[in-house]
Amino acid sequence: MLSSRPSTAESALVGTLHMISPDGERQPCAPLDRWVADVTPEQLRAMHRDMVAARRIDREGVALQRQGELGLWAPAEGQEGVQIGTAHALRPDDFVFPSYREHGVLVVRGAKLIDFISMWRAEELSSYNPYDLNTANPQIIIGAQTLHAVGYAMGIQRDALTAPVGARTDQVSVAYFGDGASSQGDVHEAMVFAASFGAPVVFVCSNNQWAISEPVTVQSHTPIADRAAGYGIPSRRVDGNDALACFGAMREALHRARAGGGPSFIEAVTYRMGPHTTSDDPTRYRAKEEVDAWRRRDPIARLEAHLRGMGEFSDAQAAAVESFADRLGAELRATCLAYATKPALEIFDHVYEQPHSGIAREREEYRAYLAGFDDAEAQ
Ligand SMILES: Cc1ncc(C[n+]2csc(CCOP(=O)(O)OP(=O)(O)O)c2C)c(N)n1
Ligand SMILES: [Mg+2]
């Protein structure tokens, strides 16, 4: 009989690479040490600040949804280590394909506050212009972005063939997805194509232990990273709540891709502290003790303890980061509340460039539906 019981934090993390212990102590990590040898306290503080910013944006997103200002939010609390750690290793000209939970990655990619909410408030058909951030819009279709990332990576290879002499052609494409996504056929196809074409792509799988109410122990009876070997893709399995280890593993993978070494796979073992989305009640399928055990492995507290242990983080610096985050939270809220909601029927205007009979029919049906409400005038 196969066990479908969720792992404990300890068992989930067995065999993961880590560089900073939960209490902040730097520990040797032979496979990754050389990839972080030049990291300065300044860079670590920047990672810490971005993690705090991501958490504040995330918490404000949850609160705004609870107050009816956003339609939905997918909380990322607990996953800041993998999101910020890996994203800090990227270049601006790399191209990222995130899932709906990668708010921390968007922080590092330079998203404006409005970019975090316009889609979740259903005001815009897309969150931002992908070419402003070299980041595709958050993908809701589980795993589909891995195909897009591999296609983009194959495009990088082909562009290089016709690029002018001296032009930079070593960009990398990155797909972020979850443990549940790794069971999708799309992800399998993406991995096969990536390996077959030696595409410059990094697969970052944030194994947060759950795919809605399904524990990862059901989805995979071996560590997810081990699947990569079956495609001939090198992999690392890291402690996803250790931002430095995530940064190191990402740098290694990016270096491989830039040097023509093809794809890499990173499984970052982490935990989703909150609900799957604001429509989910996780108390129905997981125990408080499980959540508490992961709380003790918080990625932000870990990096802060590490910085303090090195004498590189003072109370004054902590206060400055907190007030920066407070400002972000307040600005996000103000941005959301200042949104002038567009007429609902406008949603049909930008589907096709030319008139389309199917869209016209749907528009009419929806108009009739809205007309049935008391406040129909407001539509
Ligand atoms: C193709 C597809 N199937 C099902 C869903 C519904 N769905 C949304 S999130 C989710 C679970 C995804 O879990 P995981 O990949 O672990 O990512 P996480 O939500 O934990 O970040 C599912 C099944 C979907 N969005 N797309
Ligand atoms: Mg998951």
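I count two strands as paired if DSSP finds at least two bridges between them. Helices (H or I, at least four residues) and strands (E, at least two) are DSSP runs, numbered from the N terminus.

**Entry 1: ground rules.** The model is predicted, so I note the thresholds: local features need pLDDT of at least 70, side-chain atom pairs count only at pLDDT 80 or more, and totals for chains, interfaces and linings use all residues. Residues are numbered from 1 along each chain as its sequence is written, while chains are lettered from A and ligands numbered from 1 in the order in which they are written.

**Entry 2: the chain as a whole.** I looked up the element count and found 16 helices and seven strands. The radius of gyration is 21 Å, close to the 21 Å of the globule rule for 379 residues, so the chain is as compact as a globular protein of that length. The radius is taken over C-alpha atoms, and the rule is 2.2 Å times the number of residues to the power 0.38. The C-alpha trace spans about 65 × 55 × 50 Å along its principal axes.

I then looked up burial. A residue is buried if 20 or more other C-beta atoms lie within 10 Å of its own, exposed if 12 or fewer, and partly exposed in between, with C-beta atoms placed from the backbone. By this count 44% of the 379 residues are buried. For contacts, the C-beta atoms of two residues, placed from the backbone, must lie within 7 Å. Among contacts between residues at least 6 apart in sequence, 78% join residues at least 24 apart.

**Entry 3: the sheet.** In what order do the strands of the open sheet of five run? I read S1-S2-S3-S7-S6, with parallel pairing. The edges are S1 (95–97) and S6 (235–239), each of which pairs on one side only. From one strand to the next the twist averages 20°. Axes here are lines fitted to C-alpha atoms, for helices over the stretch in contact, and angles run from 0 to 180 degrees between N-to-C directions.

I followed S2 to its two neighbours. S1 and S2 are joined in the parallel sense by three bridges, and Phe97 is opposite Ala175 in S2. S2 and S3 are also parallel, over six bridges, and the partner of Ala175 in S3 is Phe203. Six of the six residues of S2 are buried. In a regular strand the side chains alternate between the two faces of the sheet. For S2 I listed Ser173, Ala175 and Phe177 on one side and Val174, Tyr176 and Gly178 on the other, all buried.

**Entry 4: helices H12 and H4.** Helix H12 (residues 243–258) lies across S3 (201–207), S6 and S7 (264–269), and runs at about 170° to S7. H12 is also among the elements that cover H4, together with H3 (41–66), H5 (103–109), S3, S7 and H14 (299–309). How much of H4 (residues 80–87) is buried? Eight of its eight residues are, from Glu80 and Gly81 through to Thr86 and Ala87, with Val82, Gln83, Ile84 and Gly85 included.

**Entry 5: ligand 1.** I took a residue as near the ligand if its C-beta atom, placed from the backbone, lies within 6 Å of it. The shell holds 16 residues, and the closest are Ile142, Gly178, Gly180, Ala181 and Ala211. The elements that give two or more residues to the shell are S2 (173–178) and S4 (210–211). By class the shell has eight nonpolar, five polar and three charged residues. Ala, Val, Leu, Ile, Met, Phe, Trp, Tyr, Cys and Pro count as nonpolar, Asp, Glu, Lys and Arg as charged, and the others, Gly among them, as polar.

**Entry 6: loop residues.** Gln209 is in the loop between S3 and S4 and has a positive phi of about 80° although it is not a glycine. Is Gln209 buried or exposed? Gln209 counts as buried because it has 22 C-beta neighbours inside 10 Å.

Ile212, in the loop between S4 and S5 (214–215), is not a glycine either and has a positive phi of about 50°. Ile212 has 13 C-beta neighbours inside 10 Å, so it counts as partly exposed.

Asn129 is in the loop between H6 (113–117) and H7 (130–133). Asn129 counts as exposed because it has 10 C-beta neighbours inside 10 Å. I also looked up Asn129 against Ile266, 137 residues apart along the chain: their C-alpha atoms are separated by 27 Å.
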